[in-house]
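Open the model in your viewer and switch to a cartoon view. Keep the selection panel at hand.

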Amino acid sequence: MAEQHHLAITTRGRGSLEITDEIAAVVRNATVNAGIAHIFVRHTSCGLAITENADASVRRDLETLMQRWAPDGDPAYRHDLEGDDDMAAHARSLLTGVSLTVPFADGRLLLGTWQGIYLFEHRTQGHSREIVVTLLG
């Protein structure tokens with residue numbers, strides 16, 4: 001059995017945005033009782049991650065690492081049609097990934113105590129992002 005849902009998330013620009021509650025609401029209202037939630041973002045300049053949800057400094061430190069690994073405006077980049085953050089955002093998307101799989105049962109995501117689901121916006125400006133949640137059970 002499968003269900004599919006679409007979520008629209010508006011970001012404020014570079015950084016992480018917790019979307020655990022939005023995904024949990026999809027699972028809570030599902031007709032599928034237990035299975036796997038596949039979460040996919042339909043863009044190439046943002047990403048998804050499961051990480052620490054109790055201490056925001058973890059996500060700030062992750063952003064610091066991403067700045068080191070994929071800096072804006074690197075002169076070696078060829079792809080910069082949309083600005084200095086263009087290629088860096090695509091590279092960061094590869095680092096975070098564009099999909100996650102989380103088990104669920106009895107209307108609840110089976111995340112660990114300190115885990116949250118985050119949308120990482122890698123562009124400096126805010127964007128409207130579409131997330132597809134597919135429940136397989």
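The tour below goes from the sheets to the core, then to a helix and the salt bridges. Keep in mind that this is a predicted model.

**Stop 1: the five-stranded sheet**

Select β1, β8, β3, β5 and β6. These five strands form an open sheet in the order β1-β8-β3-β5-β6, with antiparallel pairing. Look at the two edges, where β1 and β6 (108-109) stand. Each has a single partner strand, so one side of each is left without a neighbour in the sheet.

Now go pair by pair. Start with β1 and β8, which run antiparallel and are joined by nine bridges. Pick threonine 10: its bridge partner in β8 is serine 128.

Move on to β3 and β8. Six bridges join this antiparallel pair. Click on valine 41, and find its bridge partner, isoleucine 131, in β8.

End at β5 and β6. Strand β5 (residues 99-105) is joined to β6 by two bridges, and the two run antiparallel. Here alanine 105 stands opposite arginine 108 in β6.

**Stop 2**

Zoom in on β4 and β7. Seven bridges join these antiparallel strands.

**Stop 2: the core**

Bring everything back and show side chains. The largest nonpolar core has 24 residues. Select Ile117 and Ile131, the residues with the most contacts inside this core.

Where do the core residues come from?

Return to isoleucine 131, the bridge partner of valine 41. Show what isoleucine 131 touches, leaving out residues up to four places away in sequence. The list holds His5, His6, Leu7, Ile9, Ile19, Ile39, Phe40, Val41 and Leu48.

**Stop 3: helix α3**

Select α3 and look down its axis. Which of its residues are buried? They are Asp86, Ala88, Ala89, Arg92, Ser93 and Thr96. These residues cover an arc of only 155° around the axis, which puts them on the same side of α3. There is a simple pattern behind such a view. An α-helix has 3.6 residues a turn, so residues three or four places apart point the same way.

What do the buried residues of α3 pack against? Show β4, α2 and β7 to see their packing partners. Then step past the end of the helix. Glycine 97 follows α3, and its phi is positive, near 90°.

**Stop 4: the salt bridges**

Show charged side chains. How many salt bridges are there? The count comes to seven.

Select aspartate 72 and arginine 14. Their closest N and O atoms are 2.8 Å apart. This pair links distant parts of the chain, 58 residues apart. Aspartate 72 sits in the loop between α2 (57-69) and α3 (86-96), and arginine 14 in the loop between β1 (2-10) and β2 (15-18). Aspartate 72 counts as partly exposed, at 34% relative accessibility. Arginine 14 is also partly exposed, at 23%.

Next, select glutamate 130 and arginine 42. They form a salt bridge with closest N and O atoms 3.1 Å apart. Glutamate 130 lies in strand β8 (residues 128-136) and arginine 42 in the loop between β3 (34-41) and β4 (46-52), so the pair ties together parts that are 88 residues apart in sequence. Glutamate 130 is partly exposed, with a relative accessible area of 26%. Arginine 42 is partly exposed too, at 48%.

Now try arginine 129 and glutamate 121. In this salt bridge the closest N and O atoms are 2.7 Å apart. Buried or exposed? Both residues are buried.

Finish with Glu82, Asp85, Asp86 and Arg123. Salt bridges that share partners join these four into one network. Asp86 was also among the buried residues of α3.

Key. Residues are numbered from 1 along each chain as its sequence is written. This is a predicted model: local features need pLDDT of at least 70, side-chain atom pairs count only at pLDDT 80 or more; totals for chains, interfaces and linings use all residues. Side-chain values use heavy atoms; hydrogens and water are left out. Helices (H or I, at least four residues) and strands (E, at least two) are DSSP runs, numbered from the N terminus. Buried means under 20% relative accessible area, exposed over 50%, partly exposed in between (1.4 Å probe, protein chains only). Two strands pair if DSSP finds at least two bridges between them. A nonpolar core is a set of buried Ala, Val, Leu, Ile, Met, Phe, Trp, Tyr and Cys residues joined through side-chain atoms within 4.5 Å. Contact means heavy atoms within 4.5 Å. The arc is that of the directions from the helix axis to the C-beta atoms.
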